[in-house]
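Here is a friendly walk through a protein chain for anyone meeting it for the first time. Have a look at the sequence and the model, and then read on.

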Amino acid sequence: AYGSLFYDLDAVGSDVERHPEPYDAQTRHIPEGLYASELTIDFSDAVNTFGDLYKIANRANIIMEAISENAEYQQAVSENKTTAWTQLYGEAATFRAYSYFNLIRYFGDVPHFTEPVYTNDQTDSARLTSRDQIYDIEIANLEKVLPLMYPLGQGNINAERFSQTFTQALAGKMALFAGGY
């Protein structure tokens with residue numbers, strides 16, 4: 001989801017992966033020798049990643065809005081019962097939170113949208129939202145959906161989907177990052 005930013009910024013961010021001193025003159029550290037084949041990475045990929053993460057977050061908002069209008073979903077929520085609909089809603093919420101987690105991680109304070117964006121007019125007056133506020137909103141939303149998601153291994157949920165287990169871990173990781181760790 002976040003293009004090569006992991007390799008651009010994270011993989012070369014520890015002492016283990018850094019180049020020896022002669023490579024300091026490079027505009028960036030290339031993680032050569034760490035992977036089976038050489039990676040072609042440049043910072044222009046960040047532009048695409050920024051837009052792609054917003055696309056994921058917006059699609060999650062669209063899905064959450066559509067599911068929230070579903071009568072079966074509404075009934076399951078009122079009965080506090082985990083169903084396929086509550087699981088799907090939780091997965092969409094997790095996609096949005098994960099997208100904003102990475103937007104904050106790589107770009108700092110960013111505009112934050114919790115409603116679907118259908119036209120450019122909806123974003124024309126968008127302003128930066130404090131990462132602290134985004135963390136608070138997204139963590140609170142994850143805490144809301146967590147009880148109505150299936151844990152890993154239940155409800156036919158495997159490692160290929162966002163489970164309650166993953167969502168809980170994401171909320172915890174976001175809380176740690178929000179706390180400065």
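Helix α4 passes helix α5 in a left-handed crossing, a term used when the near helix is turned anticlockwise from the far one by less than a right angle, clockwise being right-handed. Please keep in mind that this is a predicted model, in which local features need pLDDT of at least 70 and side-chain atom pairs count only at pLDDT 80 or more, while totals for chains, interfaces and linings use all residues. Residues are numbered from 1 along each chain as its sequence is written, and side-chain values use heavy atoms, with hydrogens and water left out.

Two packed helices are described by the angle between their axes and the distance between the axes. Here, α4 covers residues 84-107 and α5 covers residues 131-145; their axes come within 10 Å and cross at roughly 160°. That makes α4 roughly antiparallel to α5. Angles under 35 degrees count as roughly parallel, over 145 as roughly antiparallel, 65 to 115 as roughly perpendicular, and the rest as oblique. The axes themselves are lines fitted to C-alpha atoms, for helices over the stretch in contact, with angles from 0 to 180 degrees between N-to-C directions.

Which residues of the two helices meet? On the α4 side they are Y89, G90, A93, T94, R96, A97, Y100, F101 and I104, and on the α5 side R131, I134, Y135, E138, N141, L142, K144 and V145. Contact here means heavy atoms within 4.5 Å. Sorted by class, the contact of α4 with α5 has 10 nonpolar, three polar and four charged residues. In this sorting, Ala, Val, Leu, Ile, Met, Phe, Trp, Tyr, Cys and Pro are nonpolar, Asp, Glu, Lys and Arg are charged, and the others, Gly among them, are polar.

Now for the whole chain. Its secondary structure comes to six helices and zero strands, and along the sequence the pattern reads α-α-α-α-α-α. Helices (H or I, at least four residues) and strands (E, at least two) are DSSP runs, numbered from the N terminus. Of the 181 residues in the chain, 37% are buried; buried means under 20% relative accessible area, exposed over 50%, and partly exposed in between (1.4 Å probe, protein chains only). Among contacts with a separation of 6 or more, 63% join residues 24 or more positions apart.

How many salt bridges does the structure hold? There are three, each salt bridge being a side-chain nitrogen of Lys or Arg within 4 Å of a carboxyl oxygen of Asp or Glu. The table lists them.

| Salt bridge | N to O distance |
|---|---|
| R161 and E91 | 2.5 Å |
| E138 and R96 | 3.0 Å |
| D109 and R131 | 2.9 Å |

R161 forms its salt bridge with E91. R161 lies in the loop between α5 and α6 (164-178) and E91 in helix α4, so the pair ties together parts that are 70 residues apart in sequence. R161 is partly exposed at 33% relative accessibility, while E91 is buried at 9%.

E138 and R96 also meet through their side chains. This pair links helix α5, where E138 sits, to helix α4, where R96 sits, across 42 residues. E138 is buried, with a relative accessible area of 0%, and R96 is buried as well, at 4%.

In the remaining pair, D109 bonds with R131 in a salt bridge. D109 is in the loop between α4 and α5 and R131 is in helix α5, so parts 22 residues apart in sequence are tied together. Both partners are partly exposed: D109 has 29% relative accessibility and R131 has 35%.

Leaving aside neighbours within four places in sequence, Q87 is in contact with L148, M149, Y150, I157, R161, F162 and S163.

E65 belongs to helix α2 (residues 45-68) and is partly exposed, at 28% relative accessible area. Not counting residues up to four places away in sequence, E65 touches E115, P116 and Y118. The C-alpha atoms of E65 and P116 are separated by 7.7 Å, although the two are 51 residues apart along the chain.

Finally, a look at the backbone. Most residues other than glycine have a negative phi, and most peptide bonds are trans. N80 has a positive phi, near 55°; N80 is placed in the loop between α3 (71-78) and α4 and is exposed at 57% relative accessibility. N156 has a positive phi too, near 60°; N156 lies in the loop between α5 and α6 and is exposed, with a relative accessible area of 74%.
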